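Reader: Hey, can you walk me through this one? I'd like to start with the ligand and then look at the helices.

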Amino acid sequence: MKEQTETIVEESLGALLRNKEFLPDLQGSMREQAFTSLSAILSTPNKIHQSFLRVPLDNGSVVRVPSFRVQHNDALGPYKGGIRFHETVNEDEVVNLAFLMTLKNALHDVPFGGGKGGIVLNPREYSVKELNAISRKYVRYFADVIGPDKDIPAPDMGSGEREMDWMMAEYKKIHSGTPYLGSFTGKSVANGGSLGRREATGKGVYFTFRYLFHDFIEANRQWLATSDNPFAASALSVTQRPLTMAVQGFGNVGSVAALEAFNCRKIDHSIVAVSDRNVMLYNESGLNIPALIQFASTNAGDLPTTDEQLQEAQIQAEIRKRDDLVTMDVDILLLAALENQIHEGNMKDVRAKVIVEGANAPTTQEADEYLSKHGVIIVPDILANAGGVIVSYLEWLQGRETQFYSEEEVYRLLIEQMQRTMDTLLPQYFGDPHSLRENCFIHAVSRLSTVLYKQGKLY
Ligand code: NAD
């Protein structure tokens, strides 16, 4: 995963080095030297903090839980990124996710750097009291390096607003008398969290799809029809409606994106399949997404797994094998579960014309290259799933000003930012031979490079 990010960043730097209009003041050996510095700066994190959290358990024993905070780059602002609670967390993964946060913030003009945290545990194996102790210990151990103007954590896989509330309370206790609302984002609204934060990523994910395949294409149909860019033909073929969509993952991101699709009247499409960690549900005429959300909300977030449960909830669907979803005959695959879902082993069986990455890194590098070569349009993670960090920025701003936006204002600001990013990228994407992911990386790397150059960091 880390190699994949590094490779695309190296390629982006190569493209910028060859583009003489980029940083034209840098010439000859100075230019070579500056790009060597850029490569070194971007491929390594500024700091890796590691600790073993010593926590007493309910049974009286004591564990030492490995934990990380990686601060990748702060050229654009304080470090920012979630804390993952998962048993497979490791240093390489956290470094890569922090790197991706640096790029995501640069791409969407969010004035933050990139950071990420991780705690190596399976939260399902700990009591609420133990998780509270672990969350507070994390803040105590990293208290000197986090804060509203240094490094602002948020939830990630396995953590949520409950943990952010606990962590902010601990931060407030340690740094008594200093501003604390901006120390963590993704908090509950009662504790200074932003309205709309929970839905932000899923809404943003669906918006990127809708904007590309409706608004942008409608406005540029003639130009696209005469273009010899292979992605232009693919994009136009997706406008032949009706379309079918399958959604992998039915949590925070997947269920909200599916509901947006269900309610969207601009595109004639139906969601024929959804899956979660247990099951895939299929209905060729389209699934009733609100009913599935209602079911999940009262069943620990899970979809129905038996015909009895489906009947009781009055949901028409067939139960199918979970992992068959990615190779189904659908037009659009929206991936909102885990990383590495489309890989060398199944990429040749993928039949979708569009893949939207709600999850981080659900497509491996080999699969990305193979599918892009075959005209599949992949809307990459750093473009599609940035809604969470964009609204986190709004939450941080609200915390500083102690003035809070309405839900409508939050969604308007979120969509405006995502649209600005898309408007910058899409004409270029359909005008050159790079994939959308490559275009996103070039844009993010060029922004970071310009700032680092102007800050005098490339000598
Ligand atoms: P979540 O825990 O709320 O939901 C995950 C969903 O995936 C659940 O429905 C789970 O049952 C399902 N799932 C797990 N294993 C699966 C499998 N093998 N096949 C199909 N489904 C499976 O998590 P989330 O917040 O929705 O995050 C999903 C992805 O999006 C993660 O990769 C996360 O890093 C990424 N992401 C989330 C946010 C955010 O704001 N929540 C922001 C950016 C990226």
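Predicted model: local features only at pLDDT ≥ 70, side-chain atom pairs only at ≥ 80, totals over all residues.

Reader: OK, which residues come nearest to the ligand?

Author: Thr201, Phe250, Asn252, Val253 and Arg277 come nearest, out of 20 residues around the ligand.

Reader: And how do those shell residues divide into nonpolar, polar and charged?

Author: Six are nonpolar, nine are polar and five are charged.

Reader: What does the side chain of Thr201 do there?

Author: An N or O atom in the Thr201 side chain sits 2.7 Å from an oxygen atom of the ligand.

Reader: What about backbone atoms, say of Asp276 and Ala337?

Author: Asp276 has a backbone N or O atom 3.3 Å from a nitrogen atom of the ligand. For Ala337, a polar backbone atom is 3.3 Å from a ligand oxygen. On its own the ligand has 830 Å² of accessible area, and the protein covers 80% of that.

Reader: Which helices each supply at least two residues of that shell?

Author: Helix H6 (197–226) and helix H8 (252–263) each do.

Reader: Let's stay with H8, then. How does H8 pack with H9?

Author: Helix H9 covers residues 289–297, and H8 packs with H9 at an angle of about 155 degrees, with the axes 9 Å apart. Angles over 145 degrees count as roughly antiparallel, so H8 is roughly antiparallel to H9.

Reader: Is that crossing left-handed or right-handed?

Author: Left-handed, as H8 passes H9.

Reader: And H6, how does that one cross H14?

Author: H14 is the helix at residues 407–429, and the axes of H6 and H14 come within 10 Å, crossing at roughly 45 degrees. H6 and H14 are therefore oblique to each other. Their crossing is right-handed.

Reader: Switching topic: at what angle do H1 and H15 pack?

Author: At about 70 degrees, with axes 9 Å apart; H1 is residues 2–18 and H15 is residues 436–454.

Reader: So are H1 and H15 roughly perpendicular or roughly parallel?

Author: Roughly perpendicular, because of that angle. The H1 and H15 crossing is right-handed.

Conventions. Residues numbered from 1 in each chain as written. Heavy atoms only, no water. Near = heavy atom within 4 Å. Polar contact = N/O pair within 3.5 Å; in protein donor to acceptor, adjacent residues only side chain to side chain. Areas by Shrake-Rupley, 256 points an atom, 1.4 Å probe, with all protein chains shown as cover. Helix = DSSP H or I, 4+ residues; strand = E, 2+ residues; numbered from the N terminus. Nonpolar A, V, L, I, M, F, W, Y, C, P; charged D, E, K, R; others polar. Axes fitted to C-alpha atoms, helices over the stretch in contact; angles between N-to-C directions. Parallel < 35°, antiparallel > 145°, perpendicular 65-115°, else oblique. Left-handed = near helix turned anticlockwise from the far one by under 90°.
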